[in-house]
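Here are a few friendly notes to read alongside the model. Take them one at a time, and find each residue on screen as you go.

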Amino acid sequence: MGSVSWTWIGIRASGVTAWGLLTAVVLWGILLRTRILGRAASPTRLLDLHRWLGISALGFLALHMLLLLVDPFLPFSIAQILVPGLASWEPLAVAFGIVAFWLIIPVSIIGRLRPRMANSGAKLFQRSHWLAYAAWPVATAHYVLAGTDALADWSIGILIAGTALLVAGLLARGFVPAPGPTRAAGSVVVR
């Protein structure tokens, strides 16, 4: 343990945590959409947790990228962590991580601006979510290909558990219809 740098430990820990939080964000989004939990979790609580997980995932991703800049063993430049294909170490694996980062950014920005965008913001926000969905498999490819301990037993367990949860969530989304609009007495249904 004495020969392992603290930056390497931080890079791995923040990367795995960011991936786990991204998995949780996607899962909570699916749960929010299907409302499969029924009264066990209100949509407001699921949405709050979904947002918190998203912010936390971005925070750990930012920490992961920052530590890559200061790592003395294998330092990256700012361009190498922001532009796919510029990294000299494992360029394809690093490119997957960079692409996943850029796929997450639009939904994060549009989500913050959505309240000011009225109805046009809802459609744009919905479309940006598809990019966020695409970020998960790309981030997983980065995790598996770039992670120096990605094939360790504990890591494989995390990958299998996260993937199984998402597959179960997607199956639930496919087979459990989303709740229809609710109507209060005397009100107009808005779709």
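1. Let's begin with a term: a residue counts as buried when its relative accessible area is under 20%, as exposed when over 50%, and as partly exposed in between. Please also keep in mind that this is a predicted model.

2. F101 has a relative accessible area of 14%, so F101 is buried. W102 is at 42% and therefore counts as partly exposed.

3. Next, follow helix α1, which runs over residues 6-34. From first C-alpha to last, α1 reaches 42 Å, close to the 42 Å expected for its 29 residues. Of these, 21 are buried, which leaves α1 mostly covered. After the helix comes R35, with a positive phi near 55°.

4. Which residues have the most contacts inside the largest nonpolar core? They are W19, L61, F76, W136, Y143 and L166, in a core of 34 residues. Helices α1, α2, α4, α5 and α6 each give two or more residues to this core, and α1 gives the most, with ten. Among the residues that F76 touches are L68, I81 and W89.

5. Finally, look at W19 in α1 and Y143 in α5, which are 124 residues apart in the chain. Their rings form an edge-to-face pair, 5.3 Å centre to centre and with 80° between the planes. Both residues are buried, and together with W136 they make one aromatic cluster.

Conventions: Residues numbered from 1 in each chain as written. Predicted model: local features only at pLDDT ≥ 70, side-chain atom pairs only at ≥ 80, totals over all residues. Heavy atoms only, no water. Helix = DSSP H or I, 4+ residues; strand = E, 2+ residues; numbered from the N terminus. Expected span 1.5 Å × (residues − 1). Buried < 20%, exposed > 50% of the residue type's maximum accessible area, 1.4 Å probe, protein only. Core = buried A, V, L, I, M, F, W, Y, C linked by side-chain atoms within 4.5 Å. Contact = heavy atoms within 4.5 Å. Phe/Tyr/Trp six-rings, centres within 6.5 Å; stacked < 30°, edge-to-face > 60°. Lists of a residue's contacts leave out its neighbours within four places in sequence.
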